[in-house]
Amino acid sequence: MPATIIMGGQWGDEGKGKLTDALAGSASMVVRANGGSNAGHTVKTDKGVFKLHLIPSGILNDDVDCVIGAGVVVDLPTLAEELRDLANRGIDISRLRISDRAHLVLPYHAQLDRLEEQRREGEEIGTTLRGNGPAYADKVARHGIRMCDLLDDAILRRKLAIEVDSKNAIFANVFHAPEVDFMELYNELNELAEGIRPLITPTEVVVQDALADGANILIECAQGAMLDIDYGTYPYVTSSSPTAAGACQGAGVAPPQVTRVLGVYKAYSTRVGAGPMVTELNDETGELIRQRGNEYGTTTGRPRRTGWFDGVAARQSGRLNGVTEVALTLVDVLDTFENVNVCTGYHLSGAELHHVPAQLDNLVGATPEWATLPGWNQDTTELRSFNDLPENAQAYIGVIEEQIGAPVKYVGVGPAREQLLSR
Ligand code: GDP
Ligand code: IMO
Ligand code: MG
């Protein structure tokens, strides 16, 4: 009955998709737990590069069942497009199931996301503008439309009419923006729902049955722990819980059923959107990392902010999530550096900080305490065994293990399947 959680330990884009694809080879089910089409998970296989937003990255392994769990918010056009693309590329999509409890992201959520960002003027969060925040807000406020509502036309009509009315009051009176046309939205939704209805089911039952049968299941999180709504850099966070606890909740798995928490971290830091990033490099080194790591958002194409590895954030996410093992990805990106830095603490007004404070104003002016290590100046992309990694790279990995507080079990030296070294 063991379940493994695969979660991001930083600000997202750590390579969760790649690790999920790799570990799915020895699992029979992959469940996506949280987030929506704000996520972009890239997987490189012999069939090419796949960019998945909603469908679990296990789908690229034949014979692995895939589940979109109750904690996910689903944008139907994105889902339909993803299913079409996978089918066109010869992937069997009949293995996908969607939780009847998952909430829908509707066009009015994306519109609200955009309007709210505009209103924040100068204090934008830098969201992906996919409507995720407003959809989760509706869920918590008990205004959500769920996948199960698509299964009954009378219920869908009634609930949607109420929500459209209340959203139109906001559009008209708060934002002075165009209102939503109920019939247009209802028809569009019905059309999109047609191919998706057969996939909707109580997935918590499917997942629990699989666990009872002794299946190995993977829980794939979106985003990263530093974007968590509770323990991230609020308000510069996403609106769900990309944590180990959130993974259980979103997938329908009980905490004692989890035997492994794999924290995926990249060998440096990146962040898309606004919010503090103490180790950020606004210089040539940062640009070099961006170019070598191809650090442009999978979902929005935005250049990602780059910096050295932040041990303070990593320790926080390692501890709060009970990370039992680490996958350190994109190590090859650092192959050409003379020296590499790891931030081991923040200096602020003469004191040293070892956790990220709740009040971000209390982080302004913080500077990193660096551990500087010699680089390895050697191409690692052709290496296929952990022991072949240059000594200096192994020493660097050792420092990162100390920071996170868990052993590194996988090392990424490139985007392809074979460029993942197991230790
Ligand atoms: P996710 O959101 O956590 O799944 O990560 P993304 O897919 O958004 O971003 C990770 C990017 O790094 C993708 O383009 C991957 O193909 C790529 N990638 C993953 N692991 C490695 C690695 O070890 N080295 C290199 N160079 N690229 C990697
Ligand atoms: P994956 O799963 C990186 C960031 C956005 C923004 C903040 C809030 O690919 O790692 P939202 O649209 O969620 O309301 O935006 O969260 N963000 C991500 N950053 N990777 C992601 O997903 C992200 N999903 C959201 O850039 O800063
Ligand atoms: Mg991503």
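**Ligand 2 and the magnesium site**

Gly40 counts as buried, at a relative accessibility of 11%. In this predicted model, Gly40 is one of the residues that coordinate the magnesium ion, ligand 3.

- Asp13 belongs to the loop between strand S1 (3-8) and helix H1 (16-24), and Gly40 to the loop between strand S2 (29-32) and strand S3 (41-45), so the pair ties together parts that are 27 residues apart in sequence.

- The side chain of Thr238 places an N or O atom 2.6 Å from an oxygen atom of ligand 2.
- For the side chain of Lys16, the separation between an N or O atom and an oxygen atom of ligand 2 is 2.7 Å.
- Val272 contributes through its backbone, with an N or O atom 2.9 Å from an oxygen atom of ligand 2.
- The protein buries 98% of the 550 Å² that ligand 2 exposes when taken alone.

**Shell around ligand 2**

- There are 20 residues around ligand 2, and those that come nearest are Lys16, His41, Thr128, Gln223 and Thr238.
- The shell consists of ten polar, seven nonpolar and three charged residues.

Terms used
Residues numbered from 1 in each chain as written. Chains lettered and ligands numbered in written order. Predicted model: local features only at pLDDT ≥ 70, side-chain atom pairs only at ≥ 80, totals over all residues. Heavy atoms only, no water. Near = heavy atom within 4 Å. Polar contact = N/O pair within 3.5 Å; in protein donor to acceptor, adjacent residues only side chain to side chain. Areas by Shrake-Rupley, 256 points an atom, 1.4 Å probe, with all protein chains shown as cover. Nonpolar A, V, L, I, M, F, W, Y, C, P; charged D, E, K, R; others polar. Donors = N, O, S within 2.8 Å, 3.2 Å for Na, K, Ca; no water. Helix = DSSP H or I, 4+ residues; strand = E, 2+ residues; numbered from the N terminus. Buried < 20%, exposed > 50% of the residue type's maximum accessible area, 1.4 Å probe, protein only.
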